[in-house]
Amino acid sequence: MRLEIDGAAVEADPRPGQCLRTLLREHGALSVKRGCDSGDCGACAVLLDGEPVHSCVVPAVRAEDRAVTTAAGLAPGDALHPVQDALANGFGFQCGFCTPGMSVTASCLGEEDLPDLDRRLKGSLCRCTGYRPIREAVRAAVLGPVRETGPGPGDGVGVSAVPEPAQRVVQGLEPYAFDDVPAGALILRVLGSPHPHARIRAIDAAAARAVPGVVAVYTHEDAPAARYSTARHEHRQDDPDDTRMLDDVVRHVGQRVAAVVAETAAAAERACALIRVDYEPLPAVFDPEEARTPGAPLVHPERTPEDRVADAGRNVVAALHAGYGGDVDAALAASPVTVSGTWRTGRSIHAQLETHGSVGWLDEEGRLVIRSSTQVPFLTRDELCTLFDLPRDRVRVYAPRVGGGFGGKQEMFTEDLVAFAVLRTGRPVAYEFTRAEQFWRSSMRHPMRVSVTLGAEPDGRLTAIKLDVLSDTGAYGNHAIGVLFHGCAESVTLYRAPVARVDAEAVYTNNVPSGAFRGYGLGQVTLGIESALDMLAERIGMDPFDIRRINAVREGDALRRADGEIEADLVWGSYGLDQCLDLAQAALAEPGEDPPAGWLVGEGMAAAMIATLAPRGHRAHATATLLPGGAFELRTGTAEFGNGTTTVQRQIAASVFGVGADRIRLAHADTDAVAFDTGAFASAGTTIAGKALHGACLALRDRIVEEAAARVGAPAAECAYGPDGVRTPAGVVPLAEIAGAGGLTASGEEHGELRSLAFNVHAVRVAVDPETGAVRILRNVHAADAGFVMNPAQCRGQIEGGVAQGIGGALYEEVVVAGGRVQNPAFRTYRVPQSADIPDVEVLFATTSDDLGPFGAKSMSESPYNPVAPAIGNAIARALGARPFEQPFTRERVWRLAQGA
């Protein structure tokens with residue numbers, strides 16, 4: 001058939017049942033992204049004869065003799081459509097994976113659509129931005145631009161510099177992992193387990209191997225015997241070795257049973273359907289409380305403390321039992337006022353628009369190369385080397401732009417299988433998760449039961465904190481240890497109490513695995529502590545802001561762990577909690593949206609503290625090079641997935657060298673680029689990689705001056721760097737002359753040996769309909785202690801995105817699991833917030849400068865998420881006079897609460 005794609009005539013022969021999305025990508029239209037393949041997210045939106053459609057649900061044959069316009073063709077040549085220009089320059093994207101489809105949909109909107117804009121955008125999901133800048137971009141495109149330009153001109157730090165790839169992102173021309181697949185790559189598909197717990201007696205793959213186009217079928221009989229963790233950390237010993245690439249025991253529904261590599265996806269999928277597996281079902285356990293009781297089915301009975309599993313005989317992966325100050329029960333009994341409660345948090349999933357996936361091949365030197373949608377290319381490389389006994393110089397892992405992470409891509413979910421298949425076949429191999437596989441085969445936020453008891457004096461001063469936490473890590477322990485300990489760390493350290501006790505355990509079940517998720521356990525535990533503190537404030541009639549003022553740690557206070565020991569690497573680089581409390585309280589007092597008639601109104605707030613780095617070190621190496629001609633090349637290891645670190649890193653160099661962005665190039669997220677980088681997690685892209693780069697740039701600037709001084713025979717102290725050359729007693733020596741033919745390079749390193757603290761306060765006014773349980777946010781305020789704000793618009797966007805994800809987790813999002821099976825493995829049934837669900841948030845910054853961060857900056861990617869759910873829960877409690885204890889606070893749960901059920 002014939003069709004037109006972005007103005008070019010195309011001859012196509014669609015396969016039976018093929019959708020338009022895959023046809024377009026096969027013909028080079030890579031701006032059309034895969035987000036869901038069910039018409040729910042809008043990442044694949046195109047215009048079909050001028051009308052916006054989701055191409056993943058349009059049969060390809062319907063495009064015959066019709067014109068298709070993608071994001072790359074909305075404007076001629078390199079020009080941008082007005083809405084693309086507004087999105088690019090108005091910070092209307094972060095990871096950018098949804099943006100091409102969003103721009104296509106928005107390109108059809110006019111002034112008449114603006115009053116109902118949220119409804120017009122309902123088919124387009126964005127997980128990163130919180131939607132405010134997208135709504136503003138659409139209005140700007142229709143009505144004329146009204147843009148935030150930052151505090152001043154230039155490309156250095158402190159300015160809202162627009163990300164360098166902005167134009168490519170909005171046009172869909174910035175490549176992601178699957179936008180550059182080698183020709184002839186084999187397609188990998190996985191057969192998953194239908195059982196939550198079973199032993200594989202036998203596998204018959206003869207019929208699968210006979211399918212035309214099938215190259216290989218792999219089972220546990222082929223896979224390495226070594227056990228490892230999918231979780232990636234600086235120290236691989238931080239996680240239990242409980243995972244085998246393909247195992248003869250399956251422990252959750254959807255776990256890998258066999259892998260097929262074939263010439264086409266259809267052949268691989270057909271072969272998976274023909275594999276016959278003889279399972280011996282085993283007893284399963286789904287309730288985490290039951291999992292640690294005597295006689296419960298054991299998920300990993302053979303694991304030992306040497307595997308970093310605390311007590312496999314009780315299904316306990318990790319345990320923390322510690323306290324200080326004496327007997328907590330005695331202290332509580334002696335306290336004039338006590339409150340207690342038990343909160344439960346459900347499963348939520350990262351829902352990044354780009355699914356997990358990787359592509360592998362052997363380069364011309366025979367090295368294994370993996371191109372992956374990962375936050376941790378270096379740690380993935382190192383684990384592949386361990387798993388396959390390869391030297392590091394024989395493996396390269398790199399990440400192009402990543403379509404969202406939120407902690408979910410601090411894992412190795414596809415790279416191991418891809419590497420295995422490449423090494424076995426010698427051919428390129430690609431494995432891309434479907435959206436359903438994201439629910440079955442990746443990881444979730446840890447569901448937790450959090451019990452809190454607080455004791456206090458009548459004036460609100462805490463006398464004791466008792467915390468009991470039970471975390472469900474699911475079938476595997478990836479991140480179980482770190483999430484448990486982190487969740488019980490800063491949430492307790494935030495408040496001064498003379499007596500404290502923490503009892504916490506993370507347990508195996510036969511549910512889908514949990515893993516790293518924005519906040520890394522703090523969101524769950526903070527819900528319990530901040531809600532209990534609100535109960536205490538209500539009990540004694542104290543303002544909730546004031547009760548935090550008198551109990552929160554202050555600059556200079558000892559920062560104690562649960563066992564009473566001082567956190568030696570945690571220092572007071574700066575302090576902004578007092579400002580955050582003042583800013584949020586004043587802003588909350590301002591009027592907001594009026595509540596509907598008959599709805600009940602309540603206000604709530606919560607505070608959170610987070611260390612600016614992961615403990616026990618987080619390393620980065622960076623280089624800066626003066627190139628022949630006078631431009632600068634930067635090399636870092638940080639992945640870019642909407643965290644904005646590549647923009648900030650360019651700004652750091654622009655400030656040090658005094659040049660514009662047009663003279664700066666950046667290579668990143670490639671194990672061939674620099675010596676090491678722990679990865680883009682724990683908000684380390686600015687505070688670690690940025691600091692390493694800052695050091696490299698300063699070192700290079702010094703080298704440039706020294707080189708110029710040597711050329712003219714003058715002391716370096718008498719020479720001064722300038723953006724075009726070095727001023728010397730003999731005149732200006734141009735940078736191009738200093739660079740020579742080979743360039744000039746310097747490097748920097750940061751090892752994260754000290755950590756500072758960042759603070760966030762969220763406050764809301766909500767209206768609750770007691771007849772339906774609906775919750776509407778009338779006023780939405782967030783105060784952040786971000787240190788020196790390197791890029792105001794970008795940092796604001798990070799906070800808005802974290803708040804939006806927090807609202808989703810508070811009110812809507814829950815992965816429903818019954819008998820180990822995910823019941824809602826699609827965006828249509830898993831409620832990712834739409835534009836209409838997320839009101840604008842007023843973001844306020846404390847004025848601080850941190851001693852540790854580059855230019856005084858702190859991390860601010862994950863911390864805004866943590867106080868949102870407790871603030872909303874506290875507001876609901878004050879509106880209804882009844883407190884919610886189960887998150888998310890869905891309509892049904894709030895309605896039952898309102899009815900007294």
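1. In this predicted model, the lining of the second largest pocket is made up, by class, of 16 nonpolar, five polar and 14 charged residues. The volume of the second largest pocket is about 1,100 Å³, and of the 35 residues that line it, those closest to its centre are Arg15, Thr22, Glu26, Ile187 and Ala265. At least two lining residues are supplied by each of α1 (20-26), β6 (186-192), α8 (265-274) and β17 (429-432), and the largest share, four residues, is the contribution of α1.

2. Turning to charged pairs, the count for the model comes to 76 salt bridges. One of them joins glutamate 505 to arginine 292, with the closest N and O atoms 2.8 Å apart. This pair connects distant parts of the chain, since glutamate 505 belongs to strand β20 (residues 499-508) while arginine 292 sits in the loop between α9 (288-291) and β12 (316-324), 213 residues apart. Are glutamate 505 and arginine 292 buried or exposed? Both residues of the pair, glutamate 505 and arginine 292, are buried.

3. A salt bridge is also found between aspartate 503 and arginine 501, where the closest N and O atoms are 3.0 Å apart. Aspartate 503 has a relative accessible area of 18% and is therefore classed as buried, the cut-off for that class being under 20%. Arginine 501, at 28% relative accessibility, counts as partly exposed. Elsewhere, salt bridges that share partners join Glu289, Arg292, Asp311, Arg314, Arg449, Asp468 and Glu505 into one network, and the pair of glutamate 505 and arginine 292 described above has both of its residues in this network.

4. Within helix α5 (residues 132-143), glutamate 136 and arginine 132 lie four residues apart, which is about one turn of the helix. These two residues form a salt bridge whose closest N and O atoms are 3.0 Å apart.

5. As for strand pairing, β26 (residues 725-728) and β27 (residues 731-734) run antiparallel and are joined by four bridges.

6. Which value does phi take at aspartate 49? Although aspartate 49 is not a glycine, its phi is positive, at about 50 degrees. Aspartate 49 lies in the loop between β3 (45-48) and β4 (51-54), and with a relative accessible area of 45% it is partly exposed. Arginine 308, again a residue other than glycine, has a positive phi near 65 degrees, and arginine 308 is placed in the loop between α9 and β12.

Note on methods:
Residues are numbered from 1 along each chain as its sequence is written. This is a predicted model: local features need pLDDT of at least 70, side-chain atom pairs count only at pLDDT 80 or more; totals for chains, interfaces and linings use all residues. Side-chain values use heavy atoms; hydrogens and water are left out. A salt bridge is a side-chain nitrogen of Lys or Arg within 4 Å of a carboxyl oxygen of Asp or Glu. Buried means under 20% relative accessible area, exposed over 50%, partly exposed in between (1.4 Å probe, protein chains only). Two strands pair if DSSP finds at least two bridges between them. On a 1 Å grid over the protein atoms alone, a cavity is a set of points where a 1.4 Å probe fits but cannot get out, and a pocket is an open set with protein on both sides within 12 Å along at least five of seven lines; lining residues have an atom within 4 Å of a point. Grid points are joined across faces, edges and corners, and a volume is the space filled by probe spheres set on the points. Ala, Val, Leu, Ile, Met, Phe, Trp, Tyr, Cys and Pro count as nonpolar, Asp, Glu, Lys and Arg as charged, and the others, Gly among them, as polar.
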